[in-house]
Amino acid sequence: MSGSGKVVCVTGASGYIASWLVKFLLQRGYTVRASVRDTADPKKTEHLRALEGADERLQLFQADLLKEGSFDDVVEGCEGVFHTASPVYFVVHDPQADLIDPAVRGTLNVLASCAKISSVKRVVITSSMAAVARNARPKTPNVVVDETWFSSTEICEQSKTWYSLSKTLAEEAAWKFSKNNAIDMISINPSMVIGPLLQPTLNTSAGEILDLINGSSTFPNASFGWVHVQDVAMAHILAFELPSATGRYCVVERVAHYSELVKIIHELYPVFQLPDKCSDDKPFVPIYQVSKDKTKSLGIDYIPLETSIKETIESLKEKGFVSFQISHMQNNAETK
């Protein structure tokens, strides 16, 4: 196993992407030092403790993103650090406290701990396409977004897209700190992440799929990139393991408008009552392309969007977030 004998850290380990990251790291033989906000909260720890290899090679730590030095003990002795801990909310009451401070100060606190520990060889942070594509440049079907794009903090502020602002500021701060402190850092920039849930709580991106199948009368007039959570987790690991990996990686299987998601869900599960109209009367927000060149260099072979949607819905059923007779729907889908 490629990780045998190696120790790595995962921050925010109870989260959606991070849980899969911990699972795959354990499968590859790594010893994982994982931080959560509250080690006494079973919703944050039980699904991690249940993973194969967890009894022998998973160590849980309590850490606070906003507390300087909180990650010193977690990072101690680690060769690699995966910093995933950052809130993901699209609706907030206090953007500074709810999103920006945890994202920016949290990232800097983790990196500061890494700078103190000589064993750390590489840090992989979870950024977002929100830190890439939110700018004034046109995004149309013939436009290809790549890793050279950066979001504009001014446009994020003007449009009040606070999540995008938090990720943009956090990534900017991370690159500056890493350069000044000679830290080998890589950022993974996924789009909307869907697929099976390991954690017991509903995460924001899976909630977008739940909204479509749970009685919504309209679908949003928006186009986003979509990607399977397992591809995102593997991108983190491969970026750590591959010596030639460097810089940023946009991790997107496909950009799709919500109308396309509705069409895919209808084809998979014809008996669902899905929204049949858009939330406004404006022309559909256009799709665009995202370059896959850099992620191909990691060895990522993307799981198709259709599979990602199907596995998300089945996981939502399994976790009790939605109730329906899935066996009948699967039979219908398989005969298509």
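Two residues or elements are in contact when heavy atoms lie within 4.5 Å. Helices (H or I, at least four residues) and strands (E, at least two) are DSSP runs, numbered from the N terminus. The structure is a predicted model, in which local features need pLDDT of at least 70, side-chain atom pairs count only at pLDDT 80 or more, and totals for chains, interfaces and linings use all residues. Residues are numbered from 1 along each chain as its sequence is written, and side-chain values use heavy atoms, with hydrogens and water left out.

Helix 8 covers residues 204-213, and eight of its ten residues are buried, so this helix is largely enclosed by the rest of the structure. Buried means under 20% relative accessible area, exposed over 50%, and partly exposed in between (1.4 Å probe, protein chains only). The buried residues of helix 8 are Ser205, Ala206, Gly207, Glu208, Ile209, Leu210, Leu212 and Ile213. They pack against several elements, including helix 1 (16-27), strand 8 (192-194), strand 10 (223-228) and helix 10 (258-268). After helix 8 comes glycine 215, with a positive phi near 105 degrees.

Strand 7 (residues 185-190) is also largely enclosed by the rest of the structure, because six of its six residues are buried. Met185, Ser187 and Asn189 point one way from strand 7, while Ile186, Ile188 and Pro190 point the other way. Two strands pair if DSSP finds at least two bridges between them. Strand 7 runs parallel to strand 5 (residues 122-126), joined by four bridges, and isoleucine 125 stands opposite serine 187. Strand 7 also pairs with strand 11 (residues 247-251), in the parallel sense and over five bridges. Here isoleucine 186 stands opposite glycine 247.

A further open sheet has three strands in the order 8-10-12, with mixed pairing. Strand 8 and strand 12 (254-257) are its edge strands, each pairing on one side only. On average, neighbouring strands of this sheet are turned by 45 degrees against each other, direction ignored. Strand 8 pairs with strand 10 in the parallel sense over three bridges, and methionine 192 has tryptophan 226 in strand 10 as its bridge partner. Helix 9 (residues 229-241) packs on the sheet and touches strand 8 and strand 10, its direction making about 70 degrees with that of strand 10. Helix 10 lies across strand 8, strand 10 and strand 12, and runs at about 90 degrees to strand 12. For these angles, axes are lines fitted to C-alpha atoms, for helices over the stretch in contact, and angles run from 0 to 180 degrees between N-to-C directions.

Side chains of opposite charge can pair when their charged atoms come close. A salt bridge is a side-chain nitrogen of Lys or Arg within 4 Å of a carboxyl oxygen of Asp or Glu, and the whole structure holds eight. One of them joins aspartate 72 and lysine 116 at 2.9 Å, N to O. Aspartate 72 is in helix 4 (residues 72-75) and lysine 116 in helix 5 (residues 95-116), so the pair ties together parts 44 residues apart in sequence. Lysine 116 is exposed, at 52% relative accessible area.

Another salt bridge links arginine 248 and glutamate 171, with the closest N and O atoms 2.6 Å apart. Arginine 248 lies in strand 11 and glutamate 171 in helix 7 (residues 162-180), 77 residues apart. Arginine 248 counts as buried at 6% relative accessibility, and glutamate 171 is buried at 2%.

Arginine 254 and glutamate 253 form a salt bridge at 3.5 Å, N to O. Arginine 254 is partly exposed at 22%, whereas glutamate 253 is buried at 12%. Salt bridges with shared partners join Glu253, Arg254, Glu260 and Glu306 into one network.
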